[in-house]
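Visitor: I would like to learn how to read a structure like this one, feature by feature. Could you walk me through it?

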Amino acid sequence: MKNYLLCLLFLICGSMTLVAQQRVTGNVTGSDGEPLIGVSVTEVGTPNGTTTDLEGNYSLEVAD
């Protein structure tokens, strides 16, 4: 019974962290309006990051 309650507690806590996130998307371009490929985009104060694709687009899950 104790293991069951412990597993339930972990599931509830884990689901709360998923709810507290949101997706940020954008497009990175140079001063000439051309997309910048491979630019690093990071969430300030975290190791969370991504890079832009061939069209300069990025998508990143960030804390709420």
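Predicted model: local features only at pLDDT ≥ 70, side-chain atom pairs only at ≥ 80, totals over all residues.

Visitor: Is Gly56 buried or exposed?

Guide: Read the relative accessibility and compare it with the cut-off: under 20% is buried. Gly56 has 0% relative accessibility, so Gly56 counts as buried.

Visitor: How many residues lie between positions in sequence, and what distance in space, for Gly56 and Asn27?

Guide: Here you set two numbers side by side, one along the chain and one through space. Gly56 and Asn27 are 29 residues apart in sequence, while their C-alpha atoms are 5.2 Å apart. Try the exercise again with Val39: Val39 and Gly56 are 17 residues apart in sequence and have a C-alpha to C-alpha distance of 7.8 Å.

Visitor: Where is Val39 placed?

Guide: Val39 belongs to the loop between strand 1 (21–27) and strand 2 (40–42). Its relative accessible area is 27%, so Val39 is partly exposed. Beyond the residues up to four places away in sequence, Val39 touches Val28, Thr50, Thr51 and Thr52.

Visitor: Thr52 is in that list. What does the side chain of Thr52 reach?

Guide: The Thr52 side chain reaches the backbone nitrogen of Gly38 at 2.9 Å. A polar atom of the Thr52 side chain also lies 2.9 Å from the backbone nitrogen of Val39. Thr52 is in the loop between strand 3 and strand 4, and its relative accessibility is 5%, so Thr52 counts as buried. Setting aside neighbours within four places in sequence, the contacts of Thr52 include Val28, Leu36, Ile37, Val41 and Tyr58.

Visitor: Now for charges. How many salt bridges does a search of the whole structure find?

Guide: Side chains of opposite charge can pair when their charged atoms come close. The search of this structure finds 1 salt bridge. It joins the side chains of Glu61 and Arg23, with an N to O distance of 2.9 Å. Glu61 lies in strand 4 (residues 57–63) and Arg23 in strand 1, so the pair ties together parts that are 38 residues apart in sequence.

Visitor: Are Glu61 and Arg23 buried or exposed?

Guide: Take each partner separately. Glu61 is partly exposed, at 31% relative accessibility, whereas Arg23 is exposed, with a relative accessible area of 53%.

Visitor: What joins the side chains of Ser59 and Arg23?

Guide: The Ser59 and Arg23 side chains are joined by a polar contact of 2.6 Å. Ser59 is in strand 4 and is partly exposed at 30% relative accessibility. With residues up to four places away left out, Ser59 touches Arg23, Val24, Thr25 and Thr50. The C-alpha atoms of Ser59 and Gly26 are separated by 6.8 Å, although these residues are 33 apart along the chain.

Visitor: What is the nearest side chain of opposite charge to Glu43, and how far away is it?

Guide: For a charged residue without a partner, find the nearest opposite charge and read the distance. For Glu43 that is Arg23, 12 Å away; Glu43 is buried yet has no salt bridge. Glu43 lies in the loop between strand 2 and strand 3 (49–51). Aside from residues up to four places away in sequence, Glu43 touches Asn48, Leu60, Glu61, Val62 and Ala63.

Visitor: Let us step back to the whole chain. How many helices and strands does the protein have?

Guide: The protein has 1 helix and 4 strands, and from the N terminus the elements run α-β-β-β-β.

Visitor: What percentage of the residues is buried?

Guide: Of the 64 residues in the protein, 14% are buried. For the surface, read the total and its make-up together: the accessible surface comes to about 5100 Å², and 62% of that belongs to carbon and sulfur atoms. For contacts, look at the sequence separation: among contacts with a separation of 6 or more, residues 24 or more positions apart account for 38%.

Notes. Residues numbered from 1 in each chain as written. Heavy atoms only, no water. Helix = DSSP H or I, 4+ residues; strand = E, 2+ residues; numbered from the N terminus. Buried < 20%, exposed > 50% of the residue type's maximum accessible area, 1.4 Å probe, protein only. Contact = heavy atoms within 4.5 Å. Salt bridge = Lys/Arg side-chain N within 4 Å of Asp/Glu carboxyl O. Areas by Shrake-Rupley, 256 points an atom, 1.4 Å probe, with all protein chains shown as cover. Polar contact = N/O pair within 3.5 Å; in protein donor to acceptor, adjacent residues only side chain to side chain. Lys, Arg positive; Asp, Glu negative; His and termini not counted.
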